[in-house]
Every structure is written in structure tokens, then in C-alpha cells.
Amino acid sequence: MPTTTAPRFFSRLLNPWLLASIVIQLVLVLYGFRTLIFHPTQYLIVTHFDGIKSYFSIASFLRQPLSDGMLVRGHNYPFGEFMYYTDSTPLVAELLHVLVRVFPILEPYGLYIYDLFVLGGLMLSTALLDSILRRLDVVPWLTLLLAVGLPWLGPQTPRLYVGHMSLSYTPAILLALWVLLRLYTNWTQGRPVRRWFVGLGLTIFITSYLHFYYLGITGVFAGFFFLIWVLAEAREGRPWQQLATYGVTTLLFALTITWGLLMVLDAWYFLRPTGSSGYDWIEWKFQFGAFFRGYDFNKTRFLFERTAPVPYESSAYLGAFVLFGLLAVGTMAIFKRAPRLAWRQGSGRFLALLVLASLPVLSIALGEIYELDNSAYYIHNYLNPFFFLHKLTNKVTQFRALGRFVWPFWWALVLGFSWYASQWWQRPKLRWLLAILSLFFIKDVRDAVHGYGKLTQRFNLLQPIPKESAPMQMLLGQIDPQRYQAILPLPYYHSGTEGDGTYTLTIDPDDPHCNNTYQLSMLSRLPLMSHKATRTANYQAELLYTIFRPEGMAPELRAKLDQRPILVYLDSAYYDGRNNYYPETLQNRPTMLTVFDQSRSFIQDHHLRLLRHHDGRSLYEWYPNAPIYPTTQPAQ
């Protein structure tokens, strides 16, 4: 009844076990990420690979007026790029954008607030896991242990290493599992369920606007959960039609509103590639041995493990608690001493549905072709639903990093085993085994806290901290950036147009060069004509590459530029033999290697005026729309 809803909610919130788990998790987060948390604005979680790209997108976005909507003007000038394609958690970025525009004093703390949101995911995961495990009747002390530790050991948290902050947000998957549990419980108890179907639809929609991979992962997983649940209801002679109708309606609504809204908000949606390169690539598919391969920080190792490194897309180590626990169960089964698995009723039935629904999603993670013995053998994975969907539409390849689809299986298996092992506490002869496994678990969590603390938290390259940005500050000197419209980096890079399957329009940047250009952009407040994102419209990359044609840039691009000069940034290390990154990475792609070679002579061909030179880097002035170039003057 309404009069009891609020008291019941607060009584659950004040549960001592929940409060204890949140307090312990808070202590672990503060300890593990103390450098970042206690030094606001001075540190970021990572400053390399995709991480710094996402941070730069957010930092430049926060400087823009709200009237710009979701268009990020900091790169891909003169086009810009929409926040949905920069791996920058678009929903959170927009809320943060509104916050710092309403309270401008908070703008310098924008990235710090964003990082607190990401790290806060560990706290929210603990609250969700506490609720899930208590509803599965796991013993309280083990619930506390798992609720605190599993967020650190989950398969998404390692994404922090590569800067995939959106994908590291564990609550995105756990929230869907929690809603499914509440929906299942209410349905089987004959209680109202419509709000939980609405909740599931909203969960898929909201998490999709944290990262669109969640649309595929949670949508597909929930779809198979309903399918197997409906089949089970029909097999047991119970009414299933309403369940099927509600389930299909919810998923179709979530898919339609999520994808449809993106089509409306993205002005270039129909110009973007239909598919994406890298689909079914071995490095982006799940490699089964990753279940047994501990992370570098793990000190407790399983009896056998994969020796080769695990690609980050395959991060899914099950941990000592589960692996040694399954080994113990197998050993007991051989001697017919294993406790009975009561999976036909209550929590056991829900977890059985969860595991069964995650198996087709696991099959997706393995790809359409699974390679064995260094590609000497192929297994054609006809159990993969994407195998057949791919024949109907190439859009399925937008979910090219298939290894991420292993996440629901990881959680289903770990939660299922945790529920099963919890029952051992009622058996005096097995309590010692559960205690030993729990000690293994605590050791893994301790290693994880230290590991993430050590391998993350780097100086904030995007703030004017003297130690990190001094070279770019020295280079910029007294130049007035307001005279210019944008920055053109040399060597040029433009990463994100990958739909043709051959990367003919992609030049990936070298990390140091990329970071320097981001710093220069933040210091000068000028947008970059270079770009690093995903699913970029082909025609934009094609037009920007015409800058380096011998016959000059395309008239369509020239018309988008104004009369102001462009600041050209040159790092000569990439042309004088000190750094051969671009010739080496582009050696098998002659078209893009030609762009690099043409950018080598760009300064001379256009008779650019040298403005500044410092430590092997130079700034030039280019008037792309001026009929006569100013007389060349000595560098400052």
C-alpha cells in the first residue's frame, strides 16, 4: 500500500549490511583512487589511447554554449562531431554541460566531476549487487563480501586501463539484471509488473546513451531471457501470452525510441557508414582462455591458465573464488559428494534462466568464426545469432567489438555460483571450503584495488599544469589565438571513418603527437582540423584530406573556411627520422602514406610564415582563403 512504500524503502536503505558494504566500498575507492580524488583537476584516470580522446571531447564541449546542442566543435573542424560518436558518455556529458554553463565556476572541475561519476559506478554497483544477492537469499556476510568485491573484479572495470570510461560503468549491466530480477519475482508472485517492464525499457534507453553498445548487449540479453522464460512457462502449462506480449513490446519500444532518437538528433546519420570495419577480428572477439587468465595484478593464479596475453576486449577473468570453487564442485561430483543444485524453483530457477539466456550472447562474443591453433582450424559458429542477422543487414557490424557481449554470461555465471556456494554455509562440513574461497576472493579484491590504483591516475594533460603543458605553452608564446580559426596538425591524422573495411580514410595518431595537439587546442581554445572518434561521415574525411592534394583543397571545404588564417602545428620529429611511427604504420596503405608524404612538403608548397619554433616543434600561419600570402618573417 502507498502508506507503507516509503517506510519500507527507508528500512531497506538503512539495512546495516547495505550500509556496511557502501562504507567499505567508499573506503576502497578513496584509497585506490586517492591521487585523483584528493587532487581535484590535477589528474585524469588515464591520458592515452581512447581515454584522452574522450576527455578532450568533453573538455572542449564544456566550453561551448548550450546553443551548440550535442555538436562538439573542438575537432574535425569545420564540421565538428556529435558527442554520440566520441565515446564520451553523451548523456552524462550533456548534463555536465548544463551544470557548468549554469555555474561557470565549475567549468575547471568538469573532467573531475566526470571522473567522480565514473568511479561512483563502483559505489552504485555495490548497492545493486547488495539488492540482487539479498533477493537471491545469499547469506548476509557473503552478500557484503561479494557486493564490495565484484565491481572491482568484473569484466568491465579493466576498461579503465584503455580509457573506455563509458564501457567501464558496471551499473549499466547490473541495473538490467536487477530490473529483470524484480520483474521475474513480481510476475511469479502474481504482483503488478507493468512498472518493471517500463523500468526495463528505460534502463535500456538510458544506458544506451551512456554507450550504444549497451543497446546491443542488454537488448539482446533481455530478448533471450524473455524467449527462454516464455518457452519454460509454455512447457509447464502456465499462461505465457501476456508475458510474451509485454516482453516484445518493451524491447521493440526501447530499440525504436533509442535508435529513432539518434536518427533525429544526428544531422549526419544517413551519411555515416552502414557497417564498420573490424567485425569478427580475432583481437576484438572473446577468446575463451580469458576466463582462466588472471590480470597482471593478480597474485593468486589458477592451476592452469593461458600463457599468451589477453586482448582487452576479452577481459573476463572469473577469479579465484569461482575457478577454485568450480574445481572443488567438480571434484566432489566425481565422488558423488556435490551438494544438490536446486535450480527448478525460486532463486535457482531465475538464475537458471539467467545463465541459459546468456549462452547465446556468449556465442555472439565468440564471433562468427572461432580460430584454433593459430588459425590452422576454424570453427564456424552457427550458434551465433549474429551469424544469421549479418546476412540480413550489415548494420550488425556496428557492434564490431564482439568480446563485450561476454559480460552478461560473466555476471550470470558468477552470481549463479555465488548463490550455490552460499548454501554451503548451512552444511558444517562445507563451511571451511566456503571460508577458504572467501579468502581467495578477498586477496583478489586487494590485488585489484592496488592494481587499478597503480596503473591509473595520470597528470591532467588538458589543464595548464606547468610540468605537463610547458612545451606547448612555450611554443604558443605570445601568439594571439583569437586571430586564427583553427589548428592544422602536421603530421595530419583523421581516425574514425572505418566503414569501407580497408581503413582507406584513416590515419591513427601517435599518442604523444595526439596529446600535444590536444594540449595546444586547450591552451589556444582553437578547434583542431584533425579528428579521432568513430563512425565519422566519409565525405568529411575525404574533404579534409584534399588539403594535401597538389591541386589544392576542394572548393566545398574552402567555402566552409572563413578569411582568418589557420595555425599550422608541425612536429619535425616525424619527418627527420627521429620518429618513424607514420611511415611504419602506413607502409601497407599507400593512399594514406601519400597524405603523410604530401604533408611533409606542405610548409614549403604553401610558403607558410614561421611564427614560433621550440624544441623541434613549430607554428606556422596559413591563409587558405587569402589571395596573397603575407611576406615571410623571421620566427620569434
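The model is a predicted one, in which local features need pLDDT of at least 70 and side-chain atom pairs count only at pLDDT 80 or more, whereas totals for chains, interfaces and linings use all residues. Residues are numbered from 1 along each chain as its sequence is written, and side-chain values use heavy atoms, with hydrogens and water left out.

Serine 358 belongs to helix 14, which covers residues 346-365; helices (H or I, at least four residues) and strands (E, at least two) are DSSP runs, numbered from the N terminus. A polar atom of the serine 358 side chain lies 2.7 Å from the backbone oxygen of valine 355.

We can now turn to charged side chains. Side chains of opposite charge can pair when their charged atoms come close. The structure holds 25 salt bridges, each being a side-chain nitrogen of Lys or Arg within 4 Å of a carboxyl oxygen of Asp or Glu. One of them joins aspartate 50 to lysine 532, with the closest N and O atoms 3.9 Å apart. Because aspartate 50 lies in helix 4 (residues 49-62) and lysine 532 in strand 9 (residues 531-532), this pair ties together parts that are 482 residues apart in sequence, and both aspartate 50 and lysine 532 are buried.

Helix 4 also holds lysine 53, which forms a salt bridge with aspartate 87, the closest N and O atoms being 3.0 Å apart. Aspartate 87 sits in the loop between strand 3 (81-82) and helix 5, and the pair links distant parts of the chain, 34 residues apart. With a relative accessible area of 1%, lysine 53 is buried.

In a further salt bridge, the side chains of glutamate 313 and arginine 404 meet at 2.9 Å, N to O. Glutamate 313 lies in the loop between helix 12 and helix 13, and arginine 404 in the loop between helix 15 (385-392) and helix 16 (407-422), so the pair ties together parts that are 91 residues apart in sequence. Glutamate 313 counts as buried at 3% relative accessibility, and arginine 404 is buried with a relative accessible area of 8%.

Four strands form an open sheet in the order 7-10-12-11, with mixed pairing; two strands pair if DSSP finds at least two bridges between them. Strand 7 (487-490) and strand 11 (609-614) stand at the edges, each with a single partner strand, so one side of each is left without a neighbour in the sheet.

Strand 7 pairs with strand 10 (residues 566-571) in the parallel sense over four bridges, and here leucine 488 stands opposite valine 568 in strand 10. Strand 10 and strand 12 pair in the antiparallel sense over six bridges, with aspartate 571 opposite arginine 617. Strand 11 and strand 12 also run antiparallel, joined by five bridges, and histidine 614 stands opposite arginine 617 in strand 12. Two residues lie between the strands in this hairpin, where aspartate 615 takes a positive phi near 55°.

How many residues of strand 12 (residues 617-622) are buried? Six of the six are, so strand 12 is largely enclosed by the rest of the structure. Arg617, Leu619 and Glu621 point one way from strand 12, while Ser618, Tyr620 and Trp622 point the other way.

Notes
Buried means under 20% relative accessible area, exposed over 50%, partly exposed in between (1.4 Å probe, protein chains only). A polar contact is a pair of N or O atoms within 3.5 Å; within protein, one must be able to donate a hydrogen and the other to accept it, and residues adjacent in sequence count only if both atoms are side-chain atoms.
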